[in-house]
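Colleague: I have not looked at this one before. Can you take me through it?
Modeller: Go ahead and ask.

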Amino acid sequence: MEANHKHLPRPVYGDSPIFQMAVLQLLSVAELIDLDQNILERLSKPKRAMIASVPIRMDNGKTHTFIGYRVQHSLTSGPSKGGMRYHPNVDLGEVAALAMWMTWKCALMNLPFGGAKGGIACDPEKLSMEEKERMTRRFTEEILPIIGPRMDVPAPDLGTDEQTMAWIMDTYSMSVGYACPEIVTGKPIELGGCIGRREATGRGVVYCIMQALAEIDVQPGNATAVVQGFGNVGAVTCQELATRGVKIIGVSDRWGAIANPLGIDVSALNKHIAAGKLLKDFPGARAIDANELLTLECTVLVPAALERQITEKNASKLRCRILAEAANGPTTPDADKILNQSDIFIIPDVLCNAGGVTVSYFEWVQDMQQFFWDESQVNQKLEQLMLKAFQQVRACAKEMNIPMRMAALSLGVRKVAKEKKRRGLYP
Ligand code: NAD
């Protein structure tokens, strides 16, 4: 492993802990599958990255310049695909790491895409709708030369939603001169969005959890769950788990955490939040310390917020039987070493949250063909692809006697490596 550290790209991405985490994972996989060093050399660096100043007029009349990023890790298998994140911590290294994970995820799911990611360092909760719209449109304008339905197709992520995608679609369409819904996925249905896309990531997470519960021989009705993050992914995961009889005993968001050992009424919590109230003030549970949430005793722990939440500091304190990584990169490699010594069943992020990009793929296909599917087709195909991927990862983990994460990454890396080898090195 030591010698391989020369692969950590410096200085552009090298000092970012999250990008190092992604590269270290790749190095471990490369060792495991005996990856061709020439291919590793190419896969350990993103194909292309853009940093753009995004100056906008704020509501108070002053100009503020945000910094935006778009990184395309791989274009080998097709257009690159990945979310747009609006969060104060967004930086080049984070976006590059997330782009790399998208490559492995698309490959694992057998989708004809490479990985990309983008984002703007900002706090979306402090921006008005008008400011967000101006920022999104200006950023889209800046990255126009590198995005396109056959080049790079953005989607929502942390801090962005279907309205953000509608603004990107409109800005791009105005530039090319015709309506171009296939430039983004995760759009509103009326603009060519796919029924079930908003719920897809959470649903995919729950399909995986049901498989994992069967593996550990626990009935959903006897299971409890704790979910960190109550945004798009976290809220849908809670709802879908509750529908299947799993008791949600702890939930959090960036403002606080709540717990109720008797179960939290998820529909009532959704209504409470829709009414503009804070999660931590929900009357049907007691407020707890946010750090305490991750170590609550439960059957399933679902980190569905940010990366690097499970570290060497708290990994040994987890009291769950299944760790379902709905967020991207929630577990650090040091924490992974600790968890691999335990009997916690890990559903790694590249598999667990792949439902989002899978239905994004369905949306892109429908937009390209201008032929739309109904909800049952979408959900049926999603479930079919998620179960297939879960079974493949499980079989690989058993066969090679390796952790689920290594199995999922190996399958993804191996597929891209094969394609790179076949295409050769240009010129
Ligand atoms: P979102 O913005 O809709 O929700 C994020 C949630 O996390 C919010 O409830 C927020 O309050 C909470 N949060 C933020 N900081 C927190 C903290 N320190 N502690 C606890 N909660 C905190 O975002 P999302 O789309 O639900 O994405 C969540 C995660 O899932 C991200 O890691 C994202 O990359 C990943 N993901 C999302 C999709 C998708 O389709 N949206 C697909 C794949 C992966």
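Colleague: Does Arg308 count as buried, partly exposed or exposed, and what is its relative accessibility?
Modeller: Arg308 counts as partly exposed, because its relative accessibility is 36%. Buried means under 20% relative accessible area, exposed means over 50%, and partly exposed is in between, with a 1.4 Å probe and protein chains only.

Colleague: Before I go on, what should I know about the model and the numbering?
Modeller: This is a predicted model, where local features need pLDDT of at least 70, side-chain atom pairs count only at pLDDT 80 or more, and totals for chains, interfaces and linings use all residues. Residues are numbered from 1 along each chain as its sequence is written, and side-chain values use heavy atoms, with hydrogens and water left out.

Colleague: Back to Arg308. Where is it?
Modeller: Arg308 sits in the loop between strand E10 (300–303) and E11. Helices (H or I, at least four residues) and strands (E, at least two) are DSSP runs, numbered from the N terminus. Arg308 also has a positive phi, near 55 degrees, and is not a glycine.

Colleague: Which peptide bond is cis?
Modeller: The one from Tyr426 to Pro427, with omega near 5 degrees. Pro427 belongs to the segment after helix H14 (404–423).

Colleague: New topic. How many residues surround the ligand?
Modeller: There are 22, and the closest are Arg85, Asp157, Thr201, Val233 and Asn328. A residue is near a molecule if one of its heavy atoms lies within 4 Å of it.

Colleague: What kinds of residue are in that shell?
Modeller: Eight are nonpolar, nine polar and five charged. Here Ala, Val, Leu, Ile, Met, Phe, Trp, Tyr, Cys and Pro count as nonpolar, Asp, Glu, Lys and Arg as charged, and the others, Gly among them, as polar.

Colleague: Which polar atoms are at the ligand's oxygens?
Modeller: The side chain of Asp157 has an N or O atom 2.7 Å from a ligand oxygen. A backbone N or O atom of Asn232 is 2.9 Å from an oxygen atom of the ligand, and a polar backbone atom of Val233 is 2.9 Å from an oxygen atom of the ligand. The ligand taken alone exposes 830 Å², and the protein buries 85% of that. Those areas come from the Shrake-Rupley method with a 1.4 Å probe.

Colleague: Why does the ligand lie between domain 1 and domain 2?
Modeller: Because domain 1 (46–178) and domain 2 (199–352) both give residues to its shell. The domain bounds come from an automatic or database assignment.

Colleague: Which helices and strand supply at least two shell residues each?
Modeller: Helix H6 (197–215), helix H7 (232–243) and strand E7 (247–253). Five of the seven residues of E7 are buried. E7 pairs with strand E6 (residues 224–228) in the parallel sense over five bridges; two strands pair if DSSP finds at least two bridges between them.

Colleague: And how many residues of E4 are buried?
Modeller: Seven of the eight in strand E4 (residues 114–121), so E4 is largely enclosed by the rest of the structure. Strand E2 (residues 63–72) runs antiparallel to E4, with five bridges, and strand E3 (residues 80–87) runs parallel to E4, with six.

How values were computed
Polar contact = N/O pair within 3.5 Å; in protein donor to acceptor, adjacent residues only side chain to side chain.
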